[in-house]
Amino acid sequence: MQQPIQITEDPSGEVEAFLGERIYEFNSAATGLFDGEGYAATIRDPQGRIVAGVNGHTWGGCCYVAQLWVHESARHRGLGSSLLHAVEVHARGRGCSQVVLSSHDFQAPDLYRRLGYVECARIADYPRGHSDIIFTKRL
């Protein structure tokens, strides 16, 4: 008999990492594309604290930006643009032809549009009262 399923937090990211590895294994076997690579970049202040960062992965000629963040005190100084430019250079070097990312309507969609990203989908009420916007940019 199956045990009851209990939803818990994953503070260490152990389950997320485990599932990510299993899904990558399945996807690679299904597509024959085994070139996946995670990436990350940070910008730090003189004390070594992270004031901006980006992470994601490349796989199968595509680059995915999972997270991009700039500390509130450092916004509107070009750090987000600089990080995205670095991601695009890295993606081209990995043979990627596009970058994919998402942004809630209250985050940075105008930044992405200014940098040439095109809205290709919008999910309403994610979160409630807002939208999640999927962007792509051809490299």
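Predicted model: local features only at pLDDT ≥ 70, side-chain atom pairs only at ≥ 80, totals over all residues.
**Figure 1. The whole protein chain, before we zoom in.** The protein chain has three helices and six strands. Following the sequence, these elements come in the pattern α-β-β-β-α-β-α-β-β. Taken along the principal axes, the C-alpha atoms fill a box of roughly 55 × 40 × 35 Å. The protein chain has 139 residues, and 27% of them count as buried. If we take contacts between residues at least 6 apart in sequence, 47% join residues at least 24 apart.

**Figure 2. A cluster of rings around Tyr 112.** Here Tyr 112, Tyr 117 and Phe 135 are linked by ring pairs into a cluster. The number of aromatic pairs comes to two. In the pair made by Tyr 112 and Tyr 117, the ring centres are 6.0 Å apart and the planes stand at 70 degrees, so this pair is edge-to-face. Tyr 112 and Tyr 117 are both buried. The rings of Tyr 112 and Phe 135 have centres 5.8 Å apart and planes at 50 degrees, so this pair is tilted. Because Tyr 112 belongs to helix 3 (residues 109–114) and Phe 135 to strand 6 (residues 131–138), the pair ties together parts that are 23 residues apart in sequence. The relative accessibility of Tyr 112 is 6%, so Tyr 112 counts as buried. For Phe 135 the value is 0%, and Phe 135 therefore counts as buried.

**Figure 3. A charge over a ring: Arg 22 and Phe 18.** In this view, look for the charged end of Arg 22, which sits over the ring of Phe 18. The distance from that charged end to the ring centre is 4.7 Å.

**Figure 4. Arg 94 and Glu 37, a salt bridge that spans the sequence.** The side chains of Arg 94 and Glu 37 meet here, with 3.3 Å from N to O. Arg 94 is found in the loop between helix 2 (79–93) and strand 4 (98–104), while Glu 37 is in strand 1 (residues 37–44), so the pair ties together parts that are 57 residues apart in sequence. Are these two residues buried or partly exposed? Arg 94 has 31% relative accessibility and so counts as partly exposed. Glu 37, at 26%, also counts as partly exposed.

**Figure 5. Glu 88 and Lys 137, a buried salt bridge.** Glu 88 pairs with Lys 137 in a salt bridge whose closest N and O atoms are 3.2 Å apart. Since Glu 88 is in helix 2 and Lys 137 in strand 6, the pair ties together parts that are 49 residues apart in sequence. Both Glu 88 and Lys 137 are buried.

Figure 6. Arg 113 forms a salt bridge with Asp 110, and their closest N and O atoms are 3.2 Å apart. These two residues, Arg 113 and Asp 110, are both in helix 3, three residues apart, or about one turn of the helix. With a relative accessible area of 36%, Arg 113 is partly exposed.

**Figure 7. The largest nonpolar core.** In soluble globular proteins, nonpolar side chains tend to be buried together. In this model, the largest nonpolar core has 21 residues. Those with the most contacts inside this core are Cys 63, Val 65, Leu 84, Leu 101, Tyr 112 and Tyr 117. At least two residues of the core come from each of strand 2 (50–59), strand 3 (62–70), helix 2, strand 4, helix 3 and strand 6. Which element gives the most to this core? Helix 2 does, with five residues. Leaving aside neighbours within four places in sequence, Cys 63 is in contact with several residues, including Tyr 39, His 57, Val 87 and Val 100.

**Figure 8. Strands 3 and 4 side by side.** Strand 3 and strand 4 run parallel and are joined by four bridges. Cys 62 stands opposite Gln 98 in strand 4. Strand 4 is mostly covered, with five of its seven residues buried.

**Figure 9. Gly 93, an exposed residue of helix 2.** Gly 93 has its place in helix 2. The relative accessible area of Gly 93 is 70%, so this residue is exposed. The C-alpha atoms of Gly 93 and Ile 134 are separated by 23 Å, and the two residues are 41 residues apart along the chain.

Technical notes: Residues numbered from 1 in each chain as written. Heavy atoms only, no water. Phe/Tyr/Trp six-rings, centres within 6.5 Å; stacked < 30°, edge-to-face > 60°. Buried < 20%, exposed > 50% of the residue type's maximum accessible area, 1.4 Å probe, protein only. Lys NZ or Arg CZ within 6 Å of the ring centre and 35° of its normal. Salt bridge = Lys/Arg side-chain N within 4 Å of Asp/Glu carboxyl O. Core = buried A, V, L, I, M, F, W, Y, C linked by side-chain atoms within 4.5 Å. Contact = heavy atoms within 4.5 Å. Pairing = 2+ DSSP bridges.
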